Amino acid sequence: MAEINFRTDEIERQEIAARNRKRTLYILKSADINESNPDYQRYFNATIVNVHNAYRYSYNGETEADLENVFEGFIATIKENTLEQYEQTTKAFLSARAEQQLNKATGEYAHQTTYDDMRKTLNKTVQSGVAMRAENKTIFPKEFYLKNGGLKRLVYDIDLDMQSESAMRNIDMIVAKYKDKGVDFDASKNRFMVKGQEVGPQKFFASKHERLEKFLSKTDQNSSSLDLLDQELLSHLEKGDWQAFSELRKQRGIIKNRKNEDLRTALSDEIVFHEVSAALKEKGAISQENILGSIFEVSENFKKTAELISKESEKDVLGRIDRVMFSVTPYDLATQSTFRDWKSCMHTTGCYHQYVDDSIGLGSIVAYGYDSQNPSKMVSRLLIQPHEDEQGNIAYKVNDRIYGRDNLGFRKAVEKVTNYFNEGKEGLFKLKEGLYDDNSSTKLLLWDMKKHLKDGVLDLTTYPLNNGEALLDRIEFKDIRKITAPEGMDVRFYNCEIACDVSELSNATYKGCFFAEGAKLHSFQKEDGYGDIVIMDDKAAQEIVKNHIKADNIMLMDNVSLTPELLECSSCDVVVAKPNLLEVFKSGNWEEKDYHDVVLAIVDDEPSQEEYLNLGIQNVKTRKEYTEQYIAPEARHEKYLNLSAEQVTHNDLARFECESLKIEGRIDNNGKSSDLFGVNLPKPVKNLSLSCIQTMPEITPQIEKVSLRDCSFKKGDVVDLSHCKEIDLQSVDLSTAKVILPHKAERIYIGEDVHFPPDYQLDLSNCKSGFVDESVSCTTVKMPKESTADSKVILPPQTKEVPASFILSCYFHVEVPDSAKIVDSKDEKGKHIPLKILKNRGLSKKQLLRLKKERLKETVYSAANRFKKLLPSYLKSKFSKKKTPGEIAKNKRDYRIVQSLRGIIGTKRSHNKADDTQLHIEENVIFNSHLKDRDDGR
């Protein structure tokens, strides 16, 4: 393997220090603290610590704008407090910041706690790990050692080829190529900006793939749909002349010229056009093969990127990773899931934190991925664990489980470096005793076994026994043709793909194993069976049948034939992936006897229940994840059904008894979604989920929750959801349909790319909770009382009303349009929510001024009403010649009220002129009487 260039993290340290210093100087200057101040150094020290902690403990979803608000808070704190008070807030800020990060972190197995408790636990973990490291005399790869024997961090710059395996690298490449054409990417929103319009990253690529796939599908059905004599259009494509192509497309559209219409439609996206043109130039001459080949390549690239985005965004937001920091320092290992944007069982409050000191003491390596633009923020983590052979030699293996952002380029970089650490090592390595197997790919690591495999035979004679058992968990079988073991050794295989001869292992069990071509098994039949077995091909199936292997579950893959013998010899559930079951039935080899518990998955035909009964097969069952074309009768009793639209259209679902029903439609070759018109839904169903459909079934009153995904409804369709308590819409086109939403609901969530009719007024103000994405199109929007969004919220520009309670319920910062009115700005006790709190959640200066005016108006009306109540009793007491001291004191209080009221009325009049005039007259009567009483000395 070629030499890998590592460096220390000195560059990162300098970059972080320079950034922190620059920001600190800005804050002090803004707070009017300069070097002439005798306490300047103390201010500087406290501020740079705060700045460092602001960056270090930032969390997923926090944007640069959020950090700017944090820094503005530092400025305000310096101005409003003494130096001693400001220094006191430094520790409080660190605690609050770290606890907030934990609260926002992704993952499970850890609960909220205080910064002090986390720090105390980590200190103990580090001490324990360091002591264990000294006791075991743990060593690391030579690259980690300084000349004086100390340890250093290693930084590896991920090369561009590896980065291209990640979603963000593909996004960056597209932006770099097409920025001058109005394409950009906003990482804080995780959205493409295409000529001012926001598009989700997965949809950006998937839509382009679907566009090209649609063309290729039509061409497969009708090869004449591509006209190679159309030199005018093809020359534009060959040259990459988008302007000429667009003009030609426009002209042909006007005169309804259908020549190469499908190709014109497929290339009507500018990016698609340029990508296909570039691919075609590489192939050279214009030909049908080259054109279709170029379109296929571009389509597959778009598809690959869309799938990559989907995978990498499953756990977290997309993120750029171009560097990896490898570390063996105790603190970096101790904080592998603490003070990070993720949490796991290794957190200080996690159930397996006790294994973290083992990671430190026994020689694990932690790899953190980050973006060079923000070197203090680690966004991904992989753990590299040491495996040991009988002689004490160490080989390393990367864990399967990644924490933080799932970036394929980062994974490959870590694997490349790990292989480099293992260079020259050979043998059988076992996970070091005491280390926690956090979903590692193997507990037994076979590294470069070619020299140790005699004719491909692996002898387990020297394998360390555990109570007489050899546990082979997720073992790698590369280059192994045969495995042998001493007589009587109980060899247990877990989660392995076996493609070698294990027939000499008389005591062997298999749990969750895959048997592929080359697998040979012993005929010994253990009483407790062989666990779950997956048979990959016909030859492996023959071995199972020949040796009458017993298992708890046998599953046949697509290319495996089902034989009667297989069912005869196994007293287990059999899952059939895709054979033509009827052909087996008609083969004549079946006896009329009971075959119980056959689990049927996908079949090419739809046998009737009578045919099953004639063969003596009882208890036919289905599995949701495999069922596509047939529903067995017993399925009607399941509480949850997951069906395809093809199944639904051929069945009356009213006879089914399920509480939750999911129906997945699909787009046919003509671009049409599935039609569910006239389908009768099960009577007990309460939760209904529909995807990729164009016509709704009837939503009956008992259905409480409806979820719609990727649906487009036809003109005039009625989508009546008025009875529902919960509604979830994502990528739904309702622009030509009649939409009826409930006036009140428990929850309404309207995600991205939902389009209502142009004049639709979306009023969710009476709903308990919900959300409306900024991409939703309609005339006006009134938001629900509380938010259900779990990330930064950007409200649609047409938002008319937003309750203050909605703003406060958002987990992160919320952006409210200036035109939106803030309503219900009182808390549960009827007190006004401080404007400062609402400002921190995203209100603009314009909105705050409007809100202040509304509150001033409330104050005026309240004071006026109070004044009217006081007036009769005061006028009566005014003519009393004798006043007690208490009455005199009360008059003074009334006088102060009137004075304050007079000031308010002087600046703010009521809307009703008559009331205003009367109020002014009554106010003058009382005011003048107070003056007269004062002049009389009373």
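The model is predicted: local features need pLDDT of at least 70, side-chain atom pairs count only at pLDDT 80 or more, and totals for chains, interfaces and linings use all residues. Residues are numbered from 1 along each chain as its sequence is written, and side-chain values use heavy atoms, with hydrogens and water left out.

**Overall make-up**

- The secondary structure of the protein chain comes to 26 helices and 43 strands; helices (H or I, at least four residues) and strands (E, at least two) are DSSP runs, numbered from the N terminus.
- Of its 938 residues, 49% count as buried, where buried means under 20% relative accessible area, exposed over 50% and partly exposed in between (1.4 Å probe, protein chains only).
- Among contacts with a separation of 6 or more, 47% come from residues 24 or more positions apart; contact means heavy atoms within 4.5 Å.
- The chain exposes about 46800 Å², of which carbon and sulfur atoms supply 48%; the areas come from the Shrake-Rupley method with a 1.4 Å probe, and for residues only the protein chains shown count as cover.

**Helix H16**

- H16 (residues 408-421) has 14 residues and reaches 20 Å from its first C-alpha to its last, close to the 20 Å expected at 1.5 Å a residue; the expected span is 1.5 Å times one less than the number of residues.
- Its buried residues include Phe410, Arg411, Val414, Val417 and Tyr420.
- The cover over the buried residues of H16 includes helix H6 (160-163), strand S2 (154-157) and strand S9 (378-388).
- Asparagine 407 caps the N-terminal end of H16, with a side-chain oxygen 3.0 Å from the backbone nitrogen of glycine 409.

**Nonpolar cores**

- A nonpolar core is a set of buried Ala, Val, Leu, Ile, Met, Phe, Trp, Tyr and Cys residues joined through side-chain atoms within 4.5 Å.
- In the largest core, of 65 residues, Leu661, Phe713, Phe756 and Leu762 touch the most other members.
- A second, separate core has 39 residues, including Val183, Phe204, Val298 and Leu318.
- Beyond four places in sequence, the residues that phenylalanine 756 touches include Leu729, Leu741, Ile750, Leu762 and Val776.

**Strand S37 and its partners**

- Strand S37 (residues 769-772) is covered on both faces: Ser769 and Phe771 are buried on one side, Gly770 and Val772 on the other.
- Strand S35 (residues 747-750) runs parallel to S37 and is joined to it by 4 bridges; two strands pair if DSSP finds at least two bridges between them.
- Phenylalanine 771 in S37 is the bridge partner of tyrosine 749.
- S37 also pairs with strand S39 (residues 786-787) in the parallel sense over 2 bridges, and serine 769 stands opposite glutamate 786 in S39.

**Single residues**

- Histidine 723 lies in the loop between strands S32 (718-720) and S33 (726-733) and counts as partly exposed because its relative accessibility is 45%.
- Histidine 723 and proline 701 are 22 residues apart in sequence and 5.5 Å apart in space, C-alpha to C-alpha.
- Aspartate 728 is in strand S33 and is buried, with a relative accessible area of 12%.
- Leaving out residues up to four places away in sequence, aspartate 728 touches Val706, Ser707, Leu708, Arg709, Arg747 and Tyr749.
- Arginine 42, in helix H2 (residues 40-56), is partly exposed at a relative accessible area of 34%.
- Beyond its neighbours within four places in sequence, arginine 42 is in contact with Leu83, Glu84 and Glu87.

Methods:
A polar contact is a pair of N or O atoms within 3.5 Å; within protein, one must be able to donate a hydrogen and the other to accept it, and residues adjacent in sequence count only if both atoms are side-chain atoms.
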